[in-house]
Amino acid sequence: MAMVSFVDETTAGERSTAWHLEIFEERLPVREVIRRRVFQEVAEHNAQGGDVFRGLVQPTGTERTLNGFKLRQPRRIDPQEQADRALEAFSRNGFIVLVDDRQVDELDAVVELTRGTRITFLKLVPLVGG
């Protein structure tokens, strides 16, 4: 069993507090790591409720805010839809995945997960004016 740390960063220098997820497999494709991360954050949002979703990718019907994505009205988020959006974002370079500071380029790449593995999601922020 691995206790994996997830950290979100942006190219603008912002960094989130690390959060942890237990993963029982020692090896997983990046696609599955992303899916599990998204399902966990959606489950936490749906359990707590509220009108701000803090997650990897923006749900439909929301607007970006300083602390996440504001829902027009509080609602449950669909975890499968969010996972599909995250995988699509990865495929079009919306974010980069670093596993223990090593970039992983393909969704089907298998990564080794050990106690203390750190996975960074580096969100690419477009430059102003370019």
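User: Let's start with Gly-13: is Gly-13 buried or exposed?
Analyst: Gly-13 is exposed, because its relative accessible area comes to 61% and anything over 50% counts as exposed. Keep in mind that this is a predicted model.

User: Ok, and where is Gly-13 found?
Analyst: Gly-13 sits in the loop between E1 and strand E2, the latter covering 19-23.

User: How far apart are Gly-13 and Val-125, in sequence and in space?
Analyst: In sequence they are 112 residues apart, while C-alpha to C-alpha the distance from Gly-13 to Val-125 is 9.8 Å.

User: Let's move to Glu-9. Which strand does Glu-9 lie in?
Analyst: Glu-9 belongs to strand E1, which takes in residues 2-10.

User: Buried or exposed, that Glu-9?
Analyst: Buried. The relative accessible area of Glu-9 is 18%, and the cut-off for buried is under 20%.

User: So what does the Glu-9 side chain pair with, via a polar contact?
Analyst: Its partner is the side chain of Arg-15, with a polar contact of 2.5 Å between the two.

User: Which residues is Glu-9 in contact with, leaving aside neighbours within four places in sequence?
Analyst: Glu-14 and Arg-15 are on the list, and so are Arg-118, Thr-120, Phe-121, Leu-122 and Lys-123.

User: Zooming out now. How many helices and strands are in the chain?
Analyst: The chain has 2 helices and 10 strands. Read from the N terminus on, the order is β-β-β-α-β-β-β-α-β-β-β-β.

User: How much of the chain counts as buried?
Analyst: Of the 130 residues, 38% do. As for the surface, the chain exposes about 7,800 Å², and carbon and sulfur atoms supply 48% of that area.

User: What about contacts between residues at least 6 apart in sequence: what share join residues at least 24 apart?
Analyst: That share is 53% for this chain.

User: Charges next. How many positive and negative side chains are there?
Analyst: There are 18 positive and 21 negative side chains, and the centres of these two sets lie 4 Å apart.

User: Last one, Glu-44. Which helix does Glu-44 lie in?
Analyst: Helix H1, made up of residues 30-48.

User: Why does Glu-44 count as partly exposed?
Analyst: Because the relative accessibility of Glu-44 is 37%, and partly exposed is the band between the 20% limit for buried and the 50% limit for exposed.

User: How far is Glu-44 from Arg-54?
Analyst: Glu-44 and Arg-54 are 10 residues apart in sequence, and their C-alpha atoms are 9.6 Å apart in space.

Definitions and conventions:
Residues are numbered from 1 along each chain as its sequence is written. This is a predicted model: local features need pLDDT of at least 70, side-chain atom pairs count only at pLDDT 80 or more; totals for chains, interfaces and linings use all residues. Side-chain values use heavy atoms; hydrogens and water are left out. Helices (H or I, at least four residues) and strands (E, at least two) are DSSP runs, numbered from the N terminus. Buried means under 20% relative accessible area, exposed over 50%, partly exposed in between (1.4 Å probe, protein chains only). A polar contact is a pair of N or O atoms within 3.5 Å; within protein, one must be able to donate a hydrogen and the other to accept it, and residues adjacent in sequence count only if both atoms are side-chain atoms. Contact means heavy atoms within 4.5 Å. Accessible areas come from the Shrake-Rupley method with a 1.4 Å probe; for residues, only the protein chains shown count as cover. Lys and Arg count as positive and Asp and Glu as negative; His and the chain ends are not counted. The place of a charge is taken as NZ of Lys, CZ of Arg, CG of Asp or CD of Glu.
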